[in-house]
Amino acid sequence: MKRVNLLESDTDFIEELDSADFIGGFRDCFTCGTCTAGCPVHRANEDYNPLRIIRMLVLGLKQEILRGNIIWLCSDCYTCQENCPMGVKITDIINHLKNLATREKNVPLGVSTQEKLLKDQGKIYIIDDFDNKKRAKVGLPSLPAMVEEAKALLRQKWNRET
Ligand code: SF4
Ligand code: SF4
């Protein structure tokens, strides 16, 4: 595992996170490891470790976190957040970090491809005749190939942010 470089610590980043109500409290972490022990992604990939992400935050290692791909492995299952004895909002924190990384245009190709599909089609997966025939066989109604309402909503949101 890569060593952290404490010379890269960004104290402004720690203060910025401390002042954000919805993610404050991460300093209460006492490194019990419960988050990592219950994390399904950690079970599949030992390099992924939510406790390590929280410790990197406490140390202010902003760029180390935002430039890497590690936060994108989190599957948003909320197991860690629900189990943390100190109430650290681990999943919310990781989602906040994903938003910050997105603002810095550090998004893995797979995620940006899904984002483009959503923007263009309102769906990540296109429903075609084949899918609708399978649905009809089990008595389910047809679905449209694209979701115009979702496209319109997402376009509005992206236009506001860009
Ligand atoms: S479960 Fe909570 S207190 Fe325990 S290591 Fe994870 S973040 Fe820290
Ligand atoms: S929310 Fe993310 S970090 Fe937490 S347990 Fe699930 S996959 Fe692991």
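In which loop is T31 found? Select the loop between α1 (11-19) and α2 (34-38): T31 is there (helices are DSSP runs of H or I with at least four residues, strands runs of E with at least two, numbered from the N terminus). This is a predicted model, in which local features need pLDDT of at least 70, side-chain atom pairs count only at pLDDT 80 or more, and totals for chains, interfaces and linings use all residues. Residues are numbered from 1 along each chain as its sequence is written, chains are lettered from A and ligands numbered from 1 in the order written, and side-chain values use heavy atoms, with hydrogens and water left out.

T31 has a positive phi of about 55° although it is not a glycine. Most residues other than glycine have a negative phi. Next, select D76, in the loop between α5 (62-67) and α6; its phi is also positive, about 65°, and D76 is not a glycine either.

Now show ligand 2. Its shell holds 14 residues, the closest being C39, Y48, C74, C77 and C80 (a shell residue has a heavy atom within 4 Å). Colour α3 (40-44), α6 (79-83) and α7 (90-103), the elements that each give two or more residues to this shell.

Finally, colour domain 1 (6-103) and domain 2 (109-161), whose bounds come from an automatic or database domain assignment. Their centres, taken over C-alpha atoms, are 31 Å apart. Just after α8 (residues 109-121), stop at G122, where phi is positive at about 75°.

Definitions and conventions: Expected span 1.5 Å × (residues − 1).
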